[in-house]
Amino acid sequence: MTANESREIVVRVRYFNVLADYAGTKRAEVAVPTGTTLRAFLNHLIEINPEPFRRALSRGEMLNSYLRVFRNERVVAPEDFDAPLAEGDEVMLFPAVAGGGV
Amino acid sequence: MALTALVDLSSGSIRYSETDPALKKRFLGARGIGARILFDRVGTRVAPFDPENCLIFTTGPFSGTPWPTASRYHVTFKSPATNAYGYANAGGHWAPELARAGFDALIVTGRAASPVYLQVTDRAMAILAADHLWGLTTTATHDQLLGAEGRRGPNGRVLCIGPAGEKRVRIAAIINDYGRAAARGGPGAVMGSKNLKAIQVRASQRDKTSTAFAAIAREMSKRLIDDPKTSGLRTDGTVVLIRPKNMTGDLPAKNHQFGQVPFIDNVDAHALNRYRVKRLGCAMCPVRCSRLSIVPDGENASAVEGPEYETTDALGPMCWNCNPAVIIRANQLCNQYGLDTISTGVTIAFAMECHQRGVLSDPDLSLEWGDGASIVGLIEKIARREGIGDVLAEGVQRAAKIIGHDTHEWAMHVKGLELPRQEPRIAKGFGLGHATSNRGADHLYALPTIDVAGNLDTARKIFPAEIVERLIDPADETYKPDLVIYGEHYCAVTDALGICKFSTTEEYSLMPDDLARGLCARGVEITGAGLLEIGERIVNLERLYNIRAGFSRANDYLPRRFTHEPLVLRASETDPATGATRLGAPLRAGQLLKFDAMLDRYYQLRGWDADGRPTNATLARLGLREEGSGIVCFVIPSEARTLGSVE
């Protein structure tokens, strides 16, 4: 393993629903520098995917309110987006829609 | 002890009895009790508009208490839309008033010789002449009965029908508290057939709530408010769904020819909020998802409680209508005439597709997609049964038979009830739920939200770990039956308690054990699992009602469009010139629903045979042998038959 590689971590990503269509896959492994926060990781995903993917994830600087983000199968609270990711973490991105009217 | 009242409008008699405790033990309340009473009283020889049909208004054990969202009443009847089991359910303030007047159930049968209304007071009621109300809109009827002080005055609460119900329009609703609707399946038409215009309730009693129960109710209310999953509903109401549904292809448009619209910026929550004057909520609700909308001037000047999501899609994208002012005005007209907004929008979309394909025209209206004048004009004609409105007033299933040609291909219904506003080729669990619902196409019979909402935490609480990964994927059909069945049971419990699904199956903020805690504090010893068993019993009883009416597997199918016409999902993009949202390139091969395998697994998990009939063993397990006896032969080889692979 080179010095460069040791400064990278690999994060697993699962895309759901239309995000899988935009990304062209349901699952991916993405290498990012050690210390990358979840917020920075999502920005990286926006950079490496087609433009409509960005629209599905965010409006301006804000994540879309209907985007549900999981880290290791737990919903990420707003204050936890700036926590650094770890090697082997799994991030799930879910455009959440629910039922209808009552 | 609360009462059941039996009102015979033919004879004018009213009988009171204490509600049978055994009935409550087996069926809990509201929806469960209504189902059992209908099963007993309205058999196969009774047609929906016969005097012998019943309208059974029921409340639940939480009605009239401080339990969060305990605002809903249930009305059960033989449906003029499906000619089988029917019910509708509404929030507002009418149900708590009926419960505080001391009634669990109000059974209306017979037919009055001339228009009447019921006036309910504490543990009593009277049948009064309503000639002066007949022909009035629902708002005018409320105003007449409540007086100048309206809903804030001392004259209680009202539910009523409008002109559509009086004319037995099969998609007619009951409207209560000015703007809430018990709409699905044609209860307004049944009420009209009885010459019953309204029920006014004025109670002076208050629920005697124990300190322990009040504390649990407060805890649950706080949990609903604190749950981030309800935040969208609390800020924007159900129209918060419109934009993400458009992105995922789950926004039915042009009579389900599309799942997205290119004009989303015109009809999303942001656009509709421009007309929102204030937020509204039902009794005891911390979510408050409703709204008052006003179009201040112009040809669409109007004011209405709404529109919520289903109405917005039905009268908007389904009809290719991009004008939010038309949606609001059309919503107001439906409420005034007393029409189901879902069925009305779907029926108008059906008419527009018939016109698109050259088999329907109208001397006054263009019937072109998106034409606001045609939408408004058809609502008027349907409500009055004028011209083609008389045909469309029958609902899409019957209208297609009358019009002929291939129009049945464009009639979006299951069992005769028009489809609610989900796209089955994308929201596959909802597709199955629409099909299996015993009241006809219905998103609220199962409300299988867990996958489309990405509610992983709840999935892990309910389902075996080994199926969760596939169950949570909206695109994977394999375990959608598991999702639908759990939802059907929990929805039945929710309806039986008289509470709103926005506290339970929409977001799963409250779980069955939470509801059981509340019931225990009111002296009903039960567990969450026990509640779900009652839910299963209710669903099976409703199924038996329909089997007795001649229904079978053939009645559990969606329109052919969803299994044979691929739906193409398109990318959502920003137009660089205008900044508006537009639809771009196709994203994947067209989607179809693989339906039969889902239905097979659904029946197998339920303990039903391949034709959808509960087996002997299932009925015995649920304590329904008595109800099942004599309907069909339940000793069938399929009890030991393999219906397909179960993973």
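**Loops, helix packing and the chain contact**

Author: Let me begin with B:Phe551, which lies in the loop between H23 and helix H24 (561–564) of chain B. Please note that this is a predicted model.

Reader: Is B:Phe551 buried or exposed?

Author: B:Phe551 counts as buried, because it has 21 C-beta neighbours inside 10 Å, and 20 or more are required for that class.

Reader: Which residues is B:Phe551 in contact with, leaving aside its neighbours within four places in sequence?

Author: The contacts of B:Phe551 are then B:Ala84 and B:Asn546. B:Ala84 is 467 residues away from B:Phe551 in sequence, yet their C-alpha atoms are 8.5 Å apart in space.

Reader: Let us turn to another loop residue. Where is the place of B:Ile450?

Author: B:Ile450 is in the loop that runs between helix H18 (428–436) and helix H19 (456–462) of chain B. With 27 C-beta neighbours inside 10 Å, B:Ile450 also counts as buried.

Reader: And what does B:Ile450 touch, not counting residues up to four places away in sequence?

Author: B:Ile450 touches B:Asn455, B:Thr458, B:Ala459 and B:Leu483. As for B:Pro586, which is 136 residues from B:Ile450 along the chain, the two C-alpha atoms are separated by 27 Å.

Reader: Now helix packing. At what angle do H21(B) and H23(B) cross?

Author: The axes of H21(B) and H23(B), the latter covering residues 528–548, cross at roughly 95° and come within 7 Å. That angle makes H21(B) roughly perpendicular to H23(B).

Reader: Which residues make that contact?

Author: From H21(B) the contact takes B:Glu488, B:His489, B:Tyr490, B:Ala492, B:Val493 and B:Ala496, and from H23(B) it takes B:Leu531, B:Leu532, B:Ile534, B:Gly535, B:Glu536, B:Ile538 and B:Val539. By class, nine of the residues are nonpolar, two are polar and two are charged.

Reader: How does H21(B) pack with H25(B)?

Author: H21(B), residues 480–497, and H25(B), residues 595–606, pack at an angle of about 50° with their axes 8 Å apart. H21(B) is therefore oblique to H25(B), and it passes H25(B) in a right-handed crossing.

Reader: Which residues are involved there?

Author: H21(B) contributes B:Lys480, B:Pro481, B:Asp482, B:Val484 and B:Ile485, while H25(B) contributes B:Met598, B:Arg601, B:Tyr602, B:Leu605 and B:Arg606. These divide into six nonpolar and four charged residues, with no polar ones.

Reader: On to chain A. How many helices and strands does chain A have?

Author: Chain A has four helices and seven strands, in the order α-β-α-β-α-α-β-β-β-β-β along the sequence. Its radius of gyration is 14 Å, close to the 13 Å that the globule rule gives for 102 residues, so chain A is as compact as a globular protein of that length.

Reader: What share of chain A counts as buried?

Author: Of the 102 residues of chain A, 34% count as buried. Among contacts in chain A between residues at least 6 apart in sequence, 64% join residues at least 24 apart.

Reader: Finally, how many residues does the contact take from chain A and from chain B?

Author: The contact takes 23 residues from chain A and 40 residues from chain B. On the chain A side, H4(A) gives the most, with four residues. That side has 13 nonpolar, five polar and five charged residues.

Definitions and conventions: Residues numbered from 1 in each chain as written. Chains lettered and ligands numbered in written order. Predicted model: local features only at pLDDT ≥ 70, side-chain atom pairs only at ≥ 80, totals over all residues. Contact = placed C-beta atoms within 7 Å. Helix = DSSP H or I, 4+ residues; strand = E, 2+ residues; numbered from the N terminus. Nonpolar A, V, L, I, M, F, W, Y, C, P; charged D, E, K, R; others polar. Rg over C-alpha atoms; globule rule 2.2 N^0.38 Å. Buried ≥ 20, exposed ≤ 12 C-beta atoms within 10 Å, placed from the backbone. Axes fitted to C-alpha atoms, helices over the stretch in contact; angles between N-to-C directions. Parallel < 35°, antiparallel > 145°, perpendicular 65-115°, else oblique. Left-handed = near helix turned anticlockwise from the far one by under 90°.
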